[in-house]
Amino acid sequence: MRRLPVYLLIDTSGSMRGEPIESVKVGLETMVSSLRQDPFALESVNISIITFDRDVKQVLPLTPLDELQLPQITTPDSGPTHTGEALRLLCERIDEEVKRSAPDHKGDWMPLLFLMTDGKPSDSKLYREMIPEIKKRRFAGIIACAAGMNAKTEPLKELTDEVYSLDTVDSTSFKKFFKWVSDSIGVGNRSLGATDDLLLPPPPPEVNVII
Amino acid sequence: MKREHRLSGRRPGEVARVNEAVRKLDKAMELSGVPERDKQPFLEWVIKELWDKFKEERMEKRLRIENEIRQLGIRFPNGTVNEDYSVSFSLPSEKISNVTLEGVEEIGLLFTQEENGQYLLMGRPSKAGDYILRLRYDTSVGEPTSELIIPVAFNPNPRDLWRDIPTDRNIPYYKEDSELDYIKVESGPDGLPKKDVVAASRRGRSHAQEGKARDDHYGICHCKDSDWYILAVADGAGSAKYSRKGSEVACGAVVEHCRNRLLDNVAFESAISEYASDRENKEKRTEVTRHIIEIIYKGAMKAHEAVKNVAQANGEVKLKDFATTLMFAICKRYDFGWFIASFWVGDGAMCIFDEKNKTVKLLGTPDEGEYSGQTRFLTMPEIFRDPEAVSKRLRMAIVPDFTALFLMTDGVSDPMFETEKNLNDYHKWEEFYEKLIAGFPEDEIGGVVLSDDNEESKEQLLRWLDFWSPGNHDDRTIAILY
């Protein structure tokens with residue numbers, strides 16, 4: 001069956017510790033249960049979660065939505081934010097997990113990427129090097145979210161035109177953000193084909209559009 | 001007196017035994033040199049010390065068992081509402097007691113202990129949702145009950161979630177959510193039955209879910225005067241704003257063009273007859289090809305231009321917004337057999353299926369990209385730029401007879417064939433034909449009776465197109481000449 005791969009890259013650096021990461025978890029739960037109400041998503045969406053702080057981990061390998069159970073997500077006390085390393089792992093996992101078309105099997109739908117960070121890449125050199133690699137992978141859409149006042153939007157703008165920001169990193173904001181993510185996945189499902197631009201639903205008031 | 005009183009309820013033999021034990025304890029303390037006055041506090045001290053140690057060991061045992069059970073990594077896979085669910089796991093049952101799984105009854109599941117430490121959770125979950133189940137057990141009397149949290153989700157059946165929202169009639173280029181047609185061709189002077197055409201198109205569930213219009217279209221025609229059949233099928237691109245109009249215009253334009261060109265086309269008819277009687281003759285073949293370019297290639301060009309004109313008339317939108325695929329074929333029966341010519345851009349499938357001779361002839365190659373859903377469209381100008389590439393999209397065939405000529409959009413071919421390799425496999429087409437005839441009894445969807453002059457087959461076909469296939473909910477369109 002053709003899958004819609006959705007990769008979530010989540011910043012778990014020390015600054016996310018406490019309420020922010022707990023809010024992200026609640027947001028993820030909301031997203032999953034909302035997607036489970038969408039018949040198309042239920043049959044095609046596959047989700048993977050990669051967390052990044054000092055270490056970069058794929059805490060959830062690409063898993064069909066109906067089989068998915070959210071993994072443990074932990075944060076260290078402090079340390080750098082290895083966003084570039086996360087993009088490197090992402091490329092590796094995509095090459096491994098996402099199927100391209102071949103005469104004897106159908107390819108997956110073009111993958112979607114959501115990246116959420118509350119800071120900036122500590123490994124900015126690697127981050128810049130990975131951007132062309134990401135573009136080569138031909139995502140149907142890349143949506144980046146700068147969460148909180150300390151998040152830098154400039155590096156994200158190099159990655160994608162779809163950059164959004166959250167003023168606060170509380171559970172209301174994340175809940176709204178991930179609800180919007182799940183709505184976007186719904187749209188992503190259906191808009192694959194002719195146009196190159198992903199049609200995103202309008203973001204909620206908590207999510208600001210960065211131009 | 002007090003002791004007498006306490007023991008008064010016991011049998012005489014038992015009283016004697018207790019008195020004996022007390023005497024021994026007293027003797028042991030004396031032998032160890034415990035003075036009389038210290039005996040009571042000493043006994044209290046001993047008991048307290050041992051009691052604490054006992055409690056500590058009991059707690060350690062509980063933690064050890066809890067850890068052991070945690071290490072088992074018991075996980076329950078998610079299930080689907082109203083579908084059989086069963087999961088079994090083992091626990092060190094010799095070390096624990098009173099094992100329960102809290103939260104199962106409200107979901108409609110049954111938890112039982114089997115032999116050899118096996119436990120079974122089974123039943124048909126009645127309610128969808130995310131649940132936290134609590135596996136509770138006792139390790140020792142007096143210790144708090146231990147608990148292990150096991151999350152599980154029961155998904156709704158996707159089939160129950162689809163909605164059918166009618167398309168708003170006020171949108172630009174509105175079209176009906178489904179369409180069906182049957183062309184009954186009466187027998188000729190020879191009294192032999194002639195092939196008929198049936199076609200149906202229905203909006204996919206993914207569109208119905210959002211009240212969006214059908215993007216597919218078909219056009220079919222039997223030219224009374226020339227006896228040519230014309231069949232066209234087009235799939236408007238999923239996200240192109242007005243692709244529903246693109247597919248409609250493309251089908252209409254191509255049918256119109258072919259019909260006009262095939263009317264009284266004596267030169268083409270004689271070129272076909274000439275070639276049919278001398279198929280090794282290259283010149284005669286070239287002559288037919290020349291006509292095919294006029295009719296088929298120009299037809300595709302006309303369709304492209306017709307879509308472009310509609311886009312231009314609607315000033316603010318681009319041709320891309322009308323993106324559509326297109327496949328079409330013209331066919332006619334001669335004494336020597338059937339002559340078929342076709343053009344195909346995009347995905348889907350078009351083929352001549354011959355059950356008697358067990359052959360299948362795919363009339364082209366589907367355009368597919370690296371990922372699913374990527375294809376080429378009639379509306380891409382580059383389609384017509386390279387003459388060699390265009391010629392690959394044209395096909396010509398002469399066959400003695402056939403069971404059916406199929407034209408279908410990827411909404412049908414993807415779930416039925418999945419891959420390009422399968423599209424070239426006769427057995428897959430045989431399976432497809434069987435499904436078409438037999439329907440899907442398990443889903444209460446009937447088959448299509450493809451017998452001569454069966455006008456009801458159009459309703460049967462439209463109903464058949466509603467078949468279930470996970471992940472495949474695109475618009476579905478099929479045209480059959482049989």
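Reader: At roughly what angle do the axes of helix 3 and helix 4 of chain A cross?
Author: This is a predicted model. Helix 3 of chain A covers residues 83-97, and helix 4 of chain A covers residues 124-136. Their axes come within 7 Å. They cross at roughly 30 degrees.

Reader: Is helix 3 of chain A roughly parallel or roughly antiparallel to helix 4 of chain A?
Author: The axes cross at roughly 30 degrees. Angles under 35 degrees count as roughly parallel. Therefore helix 3 of chain A, relative to helix 4 of chain A, is roughly parallel.

Reader: Is the crossing of helix 3 and helix 4 of chain A left-handed or right-handed, and which residues of helix 4 make the contact?
Author: Helix 3 passes helix 4 of chain A in a crossing that is left-handed. From helix 3 of chain A come Thr83(A), Gly84(A), Glu85(A), Leu87(A), Arg88(A) and Cys91(A). From helix 4 of chain A come Ser124(A), Leu126(A), Tyr127(A), Met130(A), Glu133(A) and Ile134(A).

Reader: How many nonpolar residues does that contact of helix 3 with helix 4 of chain A have?
Author: Three of its residues are polar and three are charged. The nonpolar ones number six.

Reader: How far apart are the axes of helix 7 and helix 8 of chain B?
Author: Helix 7 spans residues 266-277 of chain B, and helix 8 spans residues 282-313. They pack at an angle of about 150 degrees. Their crossing is left-handed. The axes are 9 Å apart.

Reader: Which residues of helix 8 of chain B touch helix 7 of chain B?
Author: Helix 7 of chain B brings Ala267(B), Phe268(B), Ala271(B), Ile272(B), Glu274(B) and Tyr275(B). By class, the contact divides into six nonpolar, one polar and four charged residues. The helix 8 side consists of Lys284(B), Arg285(B), Glu287(B), Val288(B) and His291(B).

Reader: Which helix gives the most to the side of chain A that touches chain B?
Author: The contact takes 30 residues from chain A and 31 residues from chain B. The side of chain A divides into 10 nonpolar, 10 polar and 10 charged. Five residues come from the top contributor, residues 39-44 of chain A, which is helix 2.

Reader: How far apart are the C-alpha centres of domain 2 and domain 3 of chain B?
Author: The assignment for chain B gives domain 1 (2-70), domain 2 (72-159) and domain 3 (162-481). The centres of domain 2 and domain 3 lie 53 Å apart.

Reader: Over which residues of chain A does pLDDT stay under 50?
Author: The mean pLDDT of chain A is 88, and 94% of its residues reach 70 or more. Where pLDDT is low, the predicted coordinates should not be read in detail. The stretch under 50 has 22 contacts beyond four places in sequence, and its residues are 191-195.

Definitions and conventions. Residues are numbered from 1 along each chain as its sequence is written. Chains are lettered from A and ligands numbered from 1 in the order in which they are written. This is a predicted model: local features need pLDDT of at least 70, side-chain atom pairs count only at pLDDT 80 or more; totals for chains, interfaces and linings use all residues. Axes are lines fitted to C-alpha atoms, for helices over the stretch in contact, and angles run from 0 to 180 degrees between N-to-C directions. Helices (H or I, at least four residues) and strands (E, at least two) are DSSP runs, numbered from the N terminus. Angles under 35 degrees count as roughly parallel, over 145 as roughly antiparallel, 65 to 115 as roughly perpendicular and the rest as oblique. A crossing is left-handed if the near helix is turned anticlockwise from the far one by less than a right angle, and right-handed if clockwise. Two residues are in contact if their C-beta atoms, placed from the backbone, lie within 7 Å. Ala, Val, Leu, Ile, Met, Phe, Trp, Tyr, Cys and Pro count as nonpolar, Asp, Glu, Lys and Arg as charged, and the others, Gly among them, as polar. pLDDT is the predictor's confidence in each residue, from 0 to 100. Domain bounds come from an automatic or database domain assignment.
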